[in-house]
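Dear colleague,

Please find below the structure that I am handing over to you. My notes on what was found in it follow.

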Amino acid sequence: DFFFSHFPLFESHMNRLKSAIEKAMISCRKIAESSLRVQFYVSRLMEALGEFRGTIWNLYSVPRIAEPVWLTMMSSTLEKTQLCQRFLKEFTLLIEQINKNQFFAALLTAVLTYHLAWVPTVMPVDHPPIKAFSEKRTSQSVNTLAKTHPYNPLWAQLGDLYGAIGSPVRLTRTVVVGKQKDLVQRILYVLTYFLRCSELQENQLTWSGNHGEGDQVLNGSNITTALERGEVEESEYVVVTVR
């Protein structure tokens with residue numbers, strides 16, 4: 001479940017690791033002595049691997065809010081009344097406690113200004129499209145990009161969380177810093193109602209095609225392998241596909 005819900009981050013960190021290995025391969029070719037070349041390559045490789053390992057561990061072990069308000073409300077739960085009562089209680093307590101210097105009002109204003117994923121959630125369903133947008137011609141480069149980079153709901157959800165909506169795209173991250181742990185957790189809990197993103201559901205797909213010649217069948221899965229050209233000259237990758 002964790003791997004599925006954080007797959008875009010795993011993918012980006014894997015690409016960063018791959019890029020670091022390829023840079024190390026290219027850089028070590030400039031060293032004439034073989035022993036120094038291997039030593040340089042291995043040190044760069046282990047450095048990149050250590051950074052990758054630390055990043056994945058931090059991603060997995062960081063504390064998280066168990067029930068974000070907006071996503072929990074959107075899911076098919078039977079405890080919506082209790083959830084709404086708890087949220088309103090926390091919300092009113094924050095307003096009474098920390099809004100004397102307008103901090104909480106300023107925080108909500110900043111969040112709603114830069115994390116714009118809440119906008120589609122409050123638009124009416126029958127809202128007509130903006131005339132200028134509907135009459136705008138589609139770009140050929142966008143169509144080409146859509147073919148090579150198909151829509152990924154996980155990336156879309158991540159874009160919602162970072163406020164990457166609109167053009168030009170701006171990434172936003174809200175950080176709350178404080179000495180009182182309980183108060184910071186309360187603020188973050190309330191913000192999970194305003195920092196909205198789409199809900200994702202995992203669908204199990206089944207493969208009904210015939211096995212090709214040379215394909216391996218393992219535990220009911222159809223496994224195919226193929227060689228793909230790498231970005232580094234004279235390099236190839238083995239791509240394994242499991243259906």
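I begin with the aromatic rings, of which the structure holds twelve pairs; rings of Phe, Tyr and Trp (its six-membered ring) count as a pair if their centres lie within 6.5 Å, with planes under 30 degrees apart called stacked, over 60 edge-to-face and the rest tilted. One of these pairs joins F2 and Y60 edge-to-face, at 4.9 Å centre to centre and 90° between the planes. Because F2 lies in helix α1 and Y60 in helix α3, this pair ties together parts that are 58 residues apart in sequence. F2 counts as partly exposed, at 22% relative accessibility. Ring pairs also link F2, F3, F7, F10, W57 and Y60 into a cluster.

On provenance, this is a predicted model, in which local features need pLDDT of at least 70 and side-chain atom pairs count only at pLDDT 80 or more, while totals for chains, interfaces and linings use all residues. Residues are numbered from 1 along each chain as its sequence is written, and side-chain values use heavy atoms, with hydrogens and water left out.

As to the overall fold, the protein chain has eleven helices and three strands; these are DSSP runs (helices H or I, at least four residues; strands E, at least two), numbered from the N terminus. Of the 243 residues in the protein chain, 22% are buried, where buried means under 20% relative accessible area, exposed over 50% and partly exposed in between (1.4 Å probe, protein chains only).

Two rings also have a charge over them (NZ of Lys or CZ of Arg within 6 Å of the ring centre and within 35 degrees of the ring normal). The charged end of R86 sits over the ring of Y189, 4.1 Å from its centre, and that of R196 sits over the ring of Y193, 4.6 Å from its centre.

Helix α11 provides the largest share of the lining, eight residues. The lining residues divide into 24 nonpolar, 14 polar and eleven charged.

Some individual residues complete these notes. Q102, in the loop between α5 and α6 (103-114), has a phi near 65°, a positive value in a residue other than glycine. Q102 is partly exposed, with a relative accessible area of 48%. Q39 lies in helix α3 and is exposed, at 53%. V239 belongs to strand β3 (residues 236-242) and is partly exposed at 35% relative accessibility. V239 and T224 are 15 residues apart in sequence and 8.2 Å apart in space, C-alpha to C-alpha.

Yours sincerely

Definitions and conventions:
Ala, Val, Leu, Ile, Met, Phe, Trp, Tyr, Cys and Pro count as nonpolar, Asp, Glu, Lys and Arg as charged, and the others, Gly among them, as polar.
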